[in-house]
Each structure stands twice: as C-alpha cells, then as structure tokens.
Amino acid sequence: MDRRTVLGLGAATLATMAARAESMKPDGSLSTDPTETIPLWPATPPGGEGVHLTARIVERSPDPNAYHDRYVDSVGMPILIVFRPSRPDGSAILLCPGGGYVRTVIDKEAFESARRFNAAGITVFVLRYRLPGEGWANRSDVPLQDAQRALRLIRSYADHYGIDSSRVGILGFSAGGHVVASLITRHADTVYSVSDAADRIDARPAFAGLMYPVVTMGDGTHGGSRAMLLGANPSPQAIAEYSCERHVASAVPPTFLCLARDDEAVPPLANGLAMYEALAAAKIPSELHVFQEGGHGFGIRLAAGKPCASWPDLFLKWGKEGGWFRGEVH
Amino acid sequence: MADPTEIVRLWPSTPPGGEGVKLVTKMESFSQNLANHDRFLRDVGDPHLWVCRPPKPDGSAVLVIAGGGYTVIVIDHEGFETARRLNAAGVTAFVLQYRLPGEGWANSADVPLQDMQRAMRLIRANAKRFAIDPTRLGVIGFSAGGHMSATLATRYDEKVYAPVDAADQCDARPAFAGMIYPVITMGPGTHADSRDRLIGSDQSAARLEAYSCDKRVTPRTVPSFISFGGNDTLVPPWPNSMAMYKALVTANVPVELHAFEDGPHGFGLTGDSPKGELNAKLFLAWGARGGWFKSA
C-alpha cells in the first residue's frame, strides 16, 4: 500500500464518518454532497409550460446512520451536480442514475460511483434528469432532451472545468441506461429547439457505459420504465422507436456493458445482451461483462464482496485502453 | 522457468483405440528466444498429466487444457503459464498432455474426452497424494482446449472407454468449467481446422451436432465461466462463445461471461500480459465466490 492509497483511505473514512454523524437537511442534502450544481435550461425546460414541481428528496435507507440511500422525484428543474477530482485527468463522465423513470436514485449508483471515478481523476457530472410522467409535453423525449442538453453544456464549460471535449462520455444505470442508450443512438436527433450557443455543440458522447440497462421497450422490457416513458398501451411504432437496440448505427460510440445474470428486474437477454449483439452487428467496439451474481441495481454498495464489485475497475481499464482516461488504473 | 517434473501417465498400457499406433511426441517452439519458451507438441503418443503444485495449496485443483486447433498443443503459453498463474493463487494445476484426434487412434473424435475423463478420475483417485479436495476440482480450456472443457462440462458421465482399473470408478464430473475463447460449434462458424481434425471425413449433420457443445447443454452441465475477445478473428464469438452462453442460460446453469473489446485470440490466463492477468483475476474471483478457491 503506497502513501497515496493510505491518504485516499483516510479521506474515504472521514467522509463516511461525516455521513454517519449527520442527517439530511430540510432540502434533502447532506454536508458531504457537492455544492456545485448547473441548471440545464436557462428558463422553462422544453415542454414545461404550466409544469410546477419542487424536487422531493426521500431517504429510503433503513439505517441512515450506516449509509444513505436517497432518491429524488418531482424534478421541475433538471440539474448537473458536479463532482470534481483532486487530480483531473481531463476526462469527464455524464452520469445518469436509474429509478425506473419514476425517480432517480442519489447515493447508490450516482454519488457513490461519482466518488469512485473522481478518485481516478475523472470529472463527473451527475444528471438529475426530468421524469417523463410528471406533466411535460412530449413526455417520451424528456430524458433525451435533458441528456443532449447536458452533454452540450459540459462541452461548453470544458475550459472552465479543465476537461477535453473529445474525452467526454456517458454512463447510465438501469432506466438511466435507457437514457444513455437513447443518447448514443439519437444524439443527432432534434428533440428541442435551439436556445443558445451551447445547443450548437455536438451531443455525441466519446464513449458510453451501460450498467444493467433498460434497452428495449418491446418484449422483455422493464414494464414500469416503459409505462412511465411511453404511457399505458403504447403503439407498436412508439415501442419500435424507443427500443434502443433497433437503432444502432455506425455513429454510435464505443460502448461498455455490465450486468448480472440473476437480474430479476430487467431481463439480461432482451436488454443488455440484445444491445451488445446490436453493437457487434454494427461493428461498434464494445465490451460486455455479465456476472453470474449481482442482481439488479448493485451499484457500488450492493456489489461489495461479490465479483461484480470489480465493475468500476473494468470500466476504468476499458476507458484507459480507449484513450479517454489517463489516470492511474489498478 | 523450469518445467514441472512430476508426471502422471494416463493409461497403464495402450490407450483406448491405440492398437497399432506408434507415436513419439515431438516438441517444437514458436519462439527462437531461449528465455521465452513457446513450445508446442504433436504426435502425442504418451498422454499424461504435468503436476504443477503451488507453494501454498488451498486444496483446489484445475485440469488445464491448452489449445492448438486439435493439431498441436500450445503447452507453454496456455498450459504451463496458466498453471503458474493458478499456482500463485494456491490452486494445484494439472496440465493435460492429451492425444490429438487426427493421429491414427480409433474413435478419434472421442479421444480427447477419453483422456479428460481418465485424467479427472486419476486426479480424484490420488487426491490424498496431491493434497487436494476432490470436490473442488475443475477444468479450464483454451480455444480447441475450450472445446474440450465444454465437452467435459457437458459429457462428463458418458461412457467413452472400458474401465481399466479402480480409478475408473471415480467421478469424472468437474465442479466447474472455464471456457476461454472456446471453439464450441462444429457447424457454421466453427474453427474449420479443429473440426476437420476432430470429426474427420464423416461430417454428417448428426455427427456435427453431436460434437457441438452448445447442443449438448442440459441442466446438469456444470457451472461455467466464458471469456473471449470481441475482435477474435480466428474463432468467431457468435456461433461459439455466445451460443454456449445462451445455451447455458436457457438451461438455467450458473454462468459468467466476459467479452473483452480487445482480446485477440490467445490472450490466455497468464500474469505475463495485462489481458491475461485480467482474465485470471476474473476467473479466480468467480471461482472463489463459487467456493472452490479459498485464497484468491
């Protein structure tokens, strides 16, 4: 163990102790949360006329003294939450948490993963995207609108954050994986009107990660996500349009997929595996890890002690081979 | 690195179907660098196990099957290097020097399975001597050797030779199986040289199917670990690794899959390359979680 590892462990332990010692403030935040946030839209988000929502943060950990497990819904103002590394390597990840399109989780998947990638020198922007079933016009495109806008904003702020626009990627979990799969297949689709200079920037990520993703809206979909995104009884056309595995073309960036065989919530064959096969058929460089054990939504905390706990290292190694990450990889 | 010196002959006399076969094993090398062996075997007349013992045994053991298209055996790169990496994790390795099917044996398509079954039984019959737990004995194979480990994983209890001694009472079922960039199918998308060597000239549809491991999967197939590279141009992943993975999932057999973006055929399971080491770590972590490896 070198000196840096010791210091890193010290910081992690201090953060854990701080988390233990406190409870949520009235707005749902913790003192350990990053304070830097970026609103996605200068005014009302697209299709948001008449929508009035105040973010609600709910703690669902049975023991918040041991760990936090918050989620957010009622998202009226989508934001980026900025996690800056102490030693930036110039790369960035737009991170899209899951939550079945009915909420997005905060600690598990999002903040815990962000801290892990910060430690590798990556600047992480956690996307608090709008939820399709909360009153927006064109509900099915709301997550994609936010994802496109987020990627453009990050690139527009590249100088400010010391990041290289050509090394900005995206990583999504579960329904957030559907957000990612939508962005990599539809980054050039016009889904909102240009509002400022940032909207002229390329929304194609340099690379993508899909963690136990929802991919299809057809047979084998995650029913809850589909109901939120497409409404009850979607047409065959809508199902086809929002099934990402059917839209893989040559402009899709290199993609990493990781899931577990025993995922009971999002069927592996119809989603993650189908996406991998579509990527391979389109000759998109891609990597797939299907752990025997892990279930759905293992993130960082629930993976502990299982082989799937190595997923961040696998992603970092893959990203380093791709030339996007430059930090130290173990 | 010295070769292992402990050897266990598989058969007390002539191997099954070996009447009239006279072969003297030849060892040649792909490498002209004496410091970096990369030897291969052919004309294998003396099938045996090379016993590779770890400095700190954890009681587990793996039968290691190097590939070579059923034409040669890549004994250093996929055999001894794998054994060294497993040894470093406390696993006792038995590197199989197996008979090649195209070298004159009767029932040549079952010759590799005969040698594997016999090897598993001999290891178990001598478990005490090797200081291993017979319930924690698995198999791992590479390329054509992956066709062998997949064959053993699916056909471990098929009778393919007449018992020769008491050891043949022992169970030949591996507790787990690793299939590394394996040849699986004998149908379209196979590795043609492997197929021609194994199957010979009678390539009827029934025979091709009988030797396609994905067609032999049942719920009794053993827990499996599959890894390959998406850019493998020698053994196409889809009709081979992916077909096996799907067959195992369909039969509800525990299985783990790792498809590296960059994994050219032959990356191995070796501490000598980054991809080989990553493959080793994933295999060892999977085997530790399965309860077979104890010190990984």
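In the predicted model described here, strand β10(B) sends V255(B), L257(B) and A259(B) to one side and E256(B), H258(B) and F260(B) to the other, and all of them are buried. A residue counts as buried if 20 or more other C-beta atoms lie within 10 Å of its own, as exposed if 12 or fewer do, and as partly exposed in between, with C-beta atoms placed from the backbone. Strands (E, at least two residues) and helices (H or I, at least four) are DSSP runs, numbered from the N terminus. Six of the six residues of β10(B) are buried, so the strand is largely enclosed by the rest of the structure. This is a predicted model, in which local features need pLDDT of at least 70 and side-chain atom pairs count only at pLDDT 80 or more, while totals for chains, interfaces and linings use all residues. Residues are numbered from 1 along each chain as its sequence is written, and chains are lettered from A and ligands numbered from 1 in the order in which they are written.

Strand β10(B) has partners in both chains. Within chain B, six bridges join β9 (residues 224-229) to β10(B), and these strands run parallel; two strands pair if DSSP finds at least two bridges between them. Opposite V255(B) of β10(B) stands S224(B). From the other chain, β11(A) is joined to β10 (residues 255-260) of chain B by three bridges, in antiparallel fashion. H258(B) in β10(B) is the bridge partner of H289(A).

Turning to the interface, 18 residues of chain A are in contact with 15 residues of chain B, a contact being a pair of residues whose C-beta atoms, placed from the backbone, lie within 7 Å. On the side of chain A that touches chain B, α8 (269-281), β11 (286-291) and α9 (311-321) each supply at least two residues. The largest share, six residues, comes from β11(A). By type, the residues of this side of chain A divide into eight nonpolar, four polar and six charged; here Ala, Val, Leu, Ile, Met, Phe, Trp, Tyr, Cys and Pro count as nonpolar, Asp, Glu, Lys and Arg as charged, and the others, Gly among them, as polar.

Chain B itself has eight helices and 10 strands. Its radius of gyration, taken over C-alpha atoms, is 17 Å, close to the 19 Å that the globule rule gives for 296 residues, so chain B is as compact as a globular protein of that length. The globule rule is 2.2 Å times the number of residues to the power 0.38. Of the 296 residues of chain B, 55% count as buried.

What lies at the centre of the nonpolar packing? The largest nonpolar core holds 175 residues, of which L95(A), V126(A), L63(B), V64(B) and F94(B) touch the most other members. Such a core is a set of buried Ala, Val, Leu, Ile, Met, Phe, Trp, Tyr and Cys residues joined through C-beta atoms within 7 Å. Helix α8 (residues 274-289) of chain B gives the most to this core, with seven residues. Beyond its neighbours within four places in sequence, V64(B) is in contact with residues including G79(B), T82(B), F94(B) and I140(B).

Technical notes
Two residues are in contact if their C-beta atoms, placed from the backbone, lie within 7 Å.
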